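Please look at the following structure with me and go through the notes below one at a time.

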Amino acid sequence: MDATETVNEFAQLGLRTELAESLTQLGYEAPTPIQRSAIPQMLAGKDLLCQAATGTGKTAAFALPLLNQRAEWERGKKPTALVLAPTRELCMQVAEAVHRYGRPFGMRTLPVYGGQPIGRQISALKRGVDIVVATPGRALDLLQRGTLSLSEVQTVVLDEADEMLDMGFAEDIEAILEQAPSERQTVMFSATMPKRILRIAKAHLRDPLRIEIPREVQDEGEGPKIQQTAYIVSRAHKVAALGRILDVEAPTAALVFCRTRDEVDQLAETLNGRGYRAEGLHGGMDQAQRDRVMGRLRSGNAELLVATDVAARGLDIDHLTHVINFDVPAAPESYVHRIGRVGRGDRRGVAITIAEPREQRLLRTIERSIRQRIDIAKVPTSAELRERRLTATRNNLARICLDEDLDDYRGLLGSLTVDFNIDQVTLAAIKMAHLATVGEAGEADIPQVEFSSSERHGDRGGNRGKSSTRGGRAGQKIRPGSSRGKMQRLFISAGAEAGIRPQDVVGAIANETTLAGSDVGVIDISARFSTVEVPADSAKEVIAALSATRIKGKKVKARRDRH
Ligand code: AMP
């Protein structure tokens with residue numbers, strides 16, 4: 001598929017050409033299922049109730065129509081759209097996505113959330129804003145101060161509505177919706193559809209259209225012979241995890257799926273830099289380039305093909321042993337299509353999915369839909385990997401001892417043993433053989449992320465294990481701990497710009513308080529601030545300790561995080 005066809009696919013949904021083109025520039029090749037269903041309806045002005053989890057492309061599903069509708073409107077001071085989202089991280093992400101997609105229109109988008117000085121948000125609102133993306137608490141605060149006005153709002157989007165209810169925002173949402181004009185369009189996105197969500201929909205949406213990601217359910221017994229495994233790792237560690245998985249799995253040929261063209265290019269380059277023979281394939285390439293790539297793969301000159309869904313359509317690679325989803329596919333049917341590339345005939349295949357913690361819900365949807373279990377495995381530790389590599393070196397050496405004529409090297413051995421004893425020479429030779437195959441790269445451990453059981457069983461009680469914790473803009477997050485009691489999120493007044501990394505936060509807490517590093521929960525480092533989850537009953541102690549100490553030489557303020 002070339003760029004024009006991609007533009008057409010988005011334009012066919014009713015989107016303006018400039019918008020469709022800006023998506024092509026971002027490397028999007030085709031709309032996701034939720035985008036196909038929701039975009040035309042939202043453009044037609046319908047109220048929508050959409051069941052879609054993170055990873056399905058839901059943000060673009062509402063952001064694109066918002067932008068499309070407003071492209072030619074007169075710009076006043078007051079916002080014409082309000083998006084409510086449960087967390088500051090999601091607010092920032094949504095605002096960033098709206099900004100990115102809407103670059104051709106110069107739409108004024110403002111994220112509004114707790115933790116940022118309210119003064120800055122107030123002055124931005126006074127200057128004039130088109131789309132406000134807010135956490136309910138801060139939106140209500142600004143409404144009550146009279147700084148935010150909803151009188152011109154024509155569309156309200158509730159993103160991750162179930163998450164907002166879980167976080168206790170129900171009353172705030174009701175109060176906010178009361179202040180928006182009654183003839184507005186209202187669109188709700190929610191990963192689950194419990195009764196509470198339906199009640200809100202009934203009270204505030206007008207004859208909503210219900211949209212679910214279409215599910216493709218297979219007949220029992222028809223499932224492919226594919227071993228399916230997923231690894232849950234934070235975004236920052238995905239590439240390292242993939243490398244380790246590839247080392248352990250040692251595929252003859254693997255197809256690695258990414259979402260966008262840019263991701264394909266980046267990942268293929270990174271993998272080549274790490275010593276794998278990878279080729280990228282996407283819709284931005286012409287036929288000659290595609291043929292060259294396929295030739296290198298078929299001849300065994302490349303072992304990894306990194307591709308988008310669209311580019312991989314119709315590919316038939318005989319000796320493929322592994323399919324790897326570098327991102328969770330946006331819908332169950334694309335998962336089924338992807339993994340169907342292996343396990344053909346009577347051959348066995350392996351399908352591996354690398355999921356971020358926030359994508360666990362989508363993984364569960366896929367599991368339910370294909371009626372097969374996707375096992376959650378732990379990324380091999382550096383010790384396990386070292387062990388396997390040493391075993392491989394041992395086997396290689398043993399094979400050479402058994403099978404090969406080594407007489408040519410006897411002279412060299414003789415000259416070396418004049419200066420060194422035979423043990424030293426042998427160990428040096430083993431080291432050389434080992435490094436020749438594995439390289440000298442040091443291997444740091446990849447923090448293990450637990451697959452939270454509440455996600456798997458659909459129990460959404462409380463704040464623990466929630467999937468809404470998103471990689472902030474600075475994008476560093478770790479979830480090192482094991483299962484714990486109630487946790488409290490703390491705000492810390494310094495972030496990536498001050499050089500703070502997750503390990504610095506863990507270190508400061510472990511050094512200055514009675515807690516161990518393993519008691520610390522999710523850490524999120526944004527540009528100017530950080531958040532950390534600690535056991536609720538130790539929150540006071542941690543706040544006092546952090547406020548009295550320095551992190552990376554910087555004095556910080558810590559307090560309970562309200563949003
Ligand atoms: P979301 O479900 O909104 O959190 O989106 C998940 C990811 O999919 C984001 O990184 C988006 O940039 C990406 N994405 C959204 N729509 C598309 C598309 N049509 N093609 C490729 N990637 C997409």
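1. Threonine 59 touches Val94 and Ala97, leaving aside residues up to four places away in sequence, where contact means heavy atoms within 4.5 Å. Threonine 59 has its place in helix H4, and helices (H or I, at least four residues) and strands (E, at least two) are DSSP runs numbered from the N terminus. Because its relative accessible area is 16%, threonine 59 is buried; buried means under 20% relative accessible area, exposed over 50%, and partly exposed in between, with a 1.4 Å probe and protein chains only.

2. Before reading on, please keep in mind that this is a predicted model, in which local features need pLDDT of at least 70 and side-chain atom pairs count only at pLDDT 80 or more, while totals for chains, interfaces and linings use all residues. Residues are numbered from 1 along each chain as its sequence is written, and side-chain values use heavy atoms, with hydrogens and water left out.

3. Which residues of helix H9 are buried? In H9 (residues 170-179) they are Asp172, Ile173, Ile176 and Leu177. Seen down the axis of H9, these buried residues fall within an arc of 130° and therefore line one face of the helix, the arc being that of the directions from the helix axis to the C-beta atoms. On the other side of H9, Glu171 and Glu178 are exposed. The buried residues of H9 pack against several elements, including strand E2 (81-84), helix H7 (136-144) and helix H10 (195-204).

4. The count of aromatic pairs comes to three, by the rule that rings of Phe, Tyr and Trp (its six-membered ring) pair if their centres lie within 6.5 Å, with planes under 30 degrees apart counted as stacked, over 60 as edge-to-face and the rest as tilted. The rings of tyrosine 28 and tyrosine 101 have centres 6.0 Å apart and planes at 70°, so this pair is edge-to-face. Tyrosine 28 lies in the loop between helix H2 (17-25) and helix H3 (33-43), whereas tyrosine 101 lies in helix H5 (residues 88-101), so the pair ties together parts that are 73 residues apart in sequence. Both tyrosine 28 and tyrosine 101 are buried.

5. The rings of phenylalanine 62 and phenylalanine 189 have centres 5.4 Å apart and planes at 55°, so the pair is tilted. Since phenylalanine 62 lies in helix H4 (residues 58-70) and phenylalanine 189 in strand E6 (residues 185-190), the pair ties together parts that are 127 residues apart in sequence. Phenylalanine 62 and phenylalanine 189 are both buried.

6. An open sheet of seven strands, with parallel pairing, has the order E10-E11-E9-E12-E13-E8-E14, and two strands pair if DSSP finds at least two bridges between them. Its edge strands, each pairing on one side only, are E10 (278-281) and E14 (375-377). Strand E9 (residues 254-257) pairs in the parallel sense with strand E12 (residues 322-325) over four bridges, and E9 pairs with E11 in the parallel sense over four bridges as well. Phenylalanine 257 stands opposite asparagine 325 in E12 and opposite alanine 307 in E11.

7. What covers the two faces of E11 can be described by burial: Leu304 and Val306 on one side, and Leu305 and Ala307 on the other, are all buried. E10 and E11 pair in the parallel sense over four bridges, with leucine 281 opposite alanine 307 in E11.
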